[in-house]
Amino acid sequence: MDNNEILMNEYAREFGSNTATVECNIDSSAKGGVGKLLSVSANVKSAMVDKSGDTAKVMATLNCKVVFLNKAGEYDSFDYLCDFTQAVNGKDSDCNLQNFNHLWAVCGVADIDSSVTGEMIKIQSVVNIKVFGVFNAQCQMSADLPEDVVCKKCEITTQTLINITQSNIEMEESFDTGCTVDKILFSDVTAMVNNAKTLDGKCLVSGNICGNICYLSEGVVTSKNFNTPYQEEIVCDGMLDCDKANVFVTNTDCKIVLTGMEGENVILMQVSVGLRIDCFRQEDKQVVSDVFLADYEIEIEREDCRYKVLDRTYNLFDKIVGNAAVGDDMVAVSKVICSSLSRNILVNTYYDEGKMVVEGVLAVNVVYLNVEGNPQSILIELPYSLQFDEVFECDNSMLSAESIVDNLYAKLKRDREFEVTANISIVVTADLKVACKTVKAVTVTDIKKCNNYSIMIYNCKEGDDLWEVAKAIGAPMEQIVAQNGNMDGDLTGRKIVFYRQINC
């Protein structure tokens, strides 16, 4: 008996996860040593995945940003890159790396520890790594069934990867400072995709590029936030307007140029955003899920198909507000100098009574002057739980999320208390679970024992449908319906009477 094989590209299946501890040692002697660390943050700038036997090897770059006072009491900073490699094994025994294509890594900094030893700034970052890919799933079903077999069919959604397109978006953002900029202390630029619309041969991508820049002018530190929308039409060969696309940012680079004249400097940010567009085509196909023969016993070999397909993405927006205070044993606060994002960790995304809930922790570096005129800093961690009012009817979905934070701002509320506010943009991806059993092979064994009764009565139990009744009686469904009338809906407790012609 021949078999048909349905190939499905499951997007995106997690291959495995691991944690990397990345240590960076920064020599500060050329900048006058370190008198006080004020702000330390880190993020993974880029990551590539390579297959190495049964192990995925992640090669990534950690970007550490440090703002400090040197030993002369002057503000200075480092923007430091550190490469690292981490092996990731499969999450379970049947997670064969060879069945994965187009691997990528999602990395997030979970914790940062910093210290100063002599002239060296030591930063230890804990990075959580998850490796995903397009998994090639297979589902076998019978193509050649015995004569007169009665079939039950079900409809499944299959998914095929059409193409993967890489593209770059180049943008510029500038603003007048109204002063002479002596030094750029800190800059952080991120990008988010908010919407992707598939068209014939192209994809219309829109989102936001946002960030924070901190600079020094005549001993005064100034912080500036920006948020710039973008929209780009990207050519994607083979794409149709009915296809689905998942678009995510692969890297964000920013070059800062000082222009203008002394006293009227303009900060020009030249931003390059790398995008990857994964295009999928979904089709509904009918497969044979069960069979029987009226006059013969048969043996059935079944295939258990379980995979997931991309459903849709949700774009959610909210505001995070929280308070924190310095200890009573510390000198009171005079004013906030600047604030920067240390890390934003998404902890959980789930449904609660049909509503989407996103939980995470926002960690913010706040640099301030105390009442004695000395620069100090505090790391504020704000747990958040955001519930979105829109009702989602996707109880069968598996959720994953990513987010960016913009317009981060800290202000002095009282002499020891800060209020931190930030806008957060969240993209939630919902994948639908698909599960079915198909008939892989059918073997005819014995002739069924002749039924000497011309009338059969079947008492329907809970969960029975027309197929279960037909299989129990051993007669085609259309004949049972012809003798009993409508059999849609709940059949529990119903007596089904079937008259047959005796040929024994």
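**View 1. Thr 349 sits in strand β14, which covers residues 333-352.** Strands here are DSSP runs of E with at least two residues, and helices are runs of H or I with at least four, both numbered from the N terminus. Thr 349 counts as buried because its relative accessibility is 14%, where buried means under 20% relative accessible area, exposed means over 50%, and partly exposed lies in between, using a 1.4 Å probe and protein chains only. Leaving aside residues up to four places away in sequence, Thr 349 touches Met 356, Val 357, Val 358, Leu 399, Ala 401 and Val 428, a contact being heavy atoms within 4.5 Å. This is a predicted model, in which local features need pLDDT of at least 70 and side-chain atom pairs count only at pLDDT 80 or more, whereas totals for chains, interfaces and linings use all residues. Residues are numbered from 1 along each chain as its sequence is written, and side-chain values use heavy atoms, with hydrogens and water left out.

**View 2. An open sheet is formed by three strands in the order β7-β12-β11.** The pairing in this sheet is antiparallel, and two strands are said to pair if DSSP finds at least two bridges between them. At the edges lie β7 (150-176) and β11 (244-261), each of which pairs on one side only. Strand β12 (residues 264-292) is joined to β11 over 17 bridges in the antiparallel sense, and Thr 259 has Val 266 in β12 as its bridge partner.

**View 3. Helix α1 (residues 466-473) lies across β7 and β12.** The helix runs at about 30° to β12, with axes taken as lines fitted to C-alpha atoms, for helices over the stretch in contact, and angles running from 0 to 180 degrees between N-to-C directions.

**View 4. Helix α1 packs against helix α2 (residues 477-484).** The angle between these two helices is about 100° and their axes are 9 Å apart. The two helices, α1 and α2, are therefore roughly perpendicular to each other, a term used for angles of 65 to 115 degrees. On the α1 side, Leu 466, Trp 467, Val 469, Ala 470 and Ile 473 meet Met 477, Ile 480 and Val 481 of α2.

**View 5. The whole protein has two helices and 20 strands.** Its C-alpha trace spans about 110 × 45 × 40 Å along the principal axes. Of the 504 residues of the protein, 47% count as buried.

Methods: Angles under 35 degrees count as roughly parallel, over 145 as roughly antiparallel, 65 to 115 as roughly perpendicular and the rest as oblique.
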